[in-house]
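Subject: A structure for you to look at

Hello,

Here is the structure I promised to hand over. Please open it next to this email and follow along.

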Amino acid sequence: MKKRYIALLIILAIVMNVICVYLFFYFWEMKAQGEYRKYDKGVTIEVNNLSNQSLPDLIFSYSVNQSDFIEVGTIKSLKAGETIQITGSSNEIKSSDTSLYLHYYIDNGGKAVDSLAYFYTAEPTKAVIVLNIHEVNPHGFLKYEYRGYNGWDQYGPDKINY
């Protein structure tokens, strides 16, 4: 009878330890997400046009080496004051050291390419980028700030001034 009691106590202690470890990581992840908890799992790109102009097409893509881009989605001609979201699976982030890029065309026919997020791990549970565009200069460059959650921690706001 004593051996059963001791075995039961050992099993109970192991289960309690597993529960404590799980709760620790759960609360750590919730704290790390902060304001981004309200977004669904996967990748969310939210674009807010805070300028008084329509925006050019905004193309979002992933790349590991800054040359082989995998398109995530495109936002076409976002009007002044509008907000839009692109959502998708984070399964497309196949390896660690992957970045999310913003591409858009400028007035001389060239293309601007900016990095918005860096992913430390492959297939993060959740990734969020909030992009606030403030202005389009006469040459077509965007003035914006962005912030987000990359599946590991929060970052930003970072400002891009042309």
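First, a term you will need: a residue is buried when its relative accessible area is under 20%, exposed when over 50%, and partly exposed in between, using a 1.4 Å probe and protein chains only. A second term: helices (H or I, at least four residues) and strands (E, at least two) are DSSP runs, numbered from the N terminus.

Two notes on the source. This is a predicted model, so local features need pLDDT of at least 70, side-chain atom pairs count only at pLDDT 80 or more, and totals for chains, interfaces and linings use all residues. Residues are numbered from 1 along each chain as its sequence is written, and side-chain values use heavy atoms, with hydrogens and water left out.

**The whole chain**

The protein chain has one helix and nine strands. From the N terminus, the order is α-β-β-β-β-β-β-β-β-β. The C-alpha atoms fill a box of roughly 85 × 30 × 20 Å along the principal axes. The radius of gyration is 21 Å, while a compact globule of 162 residues would have one near 15 Å. That radius is taken over C-alpha atoms, and the globule rule is 2.2 Å times the number of residues to the power 0.38. Buried residues make up 37% of the 162 residues.

Now contacts, meaning heavy atoms within 4.5 Å. Take those between residues at least 6 apart in sequence: 60% of them join residues at least 24 apart.

**Strand S2 and its sheet**

Start with S2. Six of its six residues are buried. Leu58, Phe60 and Tyr62 point one way from the strand. Ile59, Ser61 and Ser63 point the other way.

S2 belongs to an open sheet of four strands, in the order S3-S2-S5-S6, with antiparallel pairing. Two strands pair if DSSP finds at least two bridges between them. Which strands stand at the edges? They are S3 (70-75) and S6; each has a single partner strand, so one side of each is left without a neighbour in the sheet. Neighbouring strands here are turned by 20° against each other on average, direction ignored. For that angle, axes are lines fitted to C-alpha atoms (for helices, over the stretch in contact), and angles run from 0 to 180 degrees between N-to-C directions.

Look at the two partners of S2. Five bridges join S2 to S3. Serine 61 has glutamate 71 as its bridge partner in S3, and phenylalanine 60 stands opposite glycine 73. S2 and S3 form a hairpin with six residues between them. In the turn, glutamine 66 has a positive phi of about 65°. Five bridges also join S2 to S5. There, isoleucine 59 is partnered with histidine 103.

**The cores**

A nonpolar core is a set of buried Ala, Val, Leu, Ile, Met, Phe, Trp, Tyr and Cys residues joined through side-chain atoms within 4.5 Å. The largest one here has 28 residues, and Leu58 and Phe60 have the most contacts inside it. Strands giving two or more residues to this core include S1 (42-49), S2 (58-63) and S5 (98-105). S7 gives the most, with five residues. A second, separate core of five residues includes Tyr36, Val128, Val130 and Tyr149.

**Aromatic pairs**

Rings of Phe, Tyr and Trp (its six-membered ring) pair if their centres lie within 6.5 Å; planes under 30 degrees apart count as stacked, over 60 as edge-to-face and the rest as tilted. The structure holds six such pairs. Tyrosine 62 and phenylalanine 119 are edge-to-face, at 6.3 Å centre to centre and 70° between the planes. Tyrosine 62 lies in S2 and phenylalanine 119 in S6, so the pair ties together parts that are 57 residues apart in sequence. Tyrosine 62 is buried at 2% relative accessibility, and phenylalanine 119 at 0%.

Tyrosine 118 and tyrosine 120 pair too: centres 5.1 Å apart, planes at 85°, so edge-to-face. Both are partly exposed, tyrosine 118 at 33% and tyrosine 120 at 41%. Ring pairs also link Tyr144, Tyr146 and Tyr155 into a cluster.

**One last residue**

Finally, find glutamate 145 in strand S8. Is this residue buried or exposed? At 19% relative accessibility, glutamate 145 counts as buried. Beyond its neighbours within four places in sequence, its contacts include Val130, His134 and Lys159.

Best wishes
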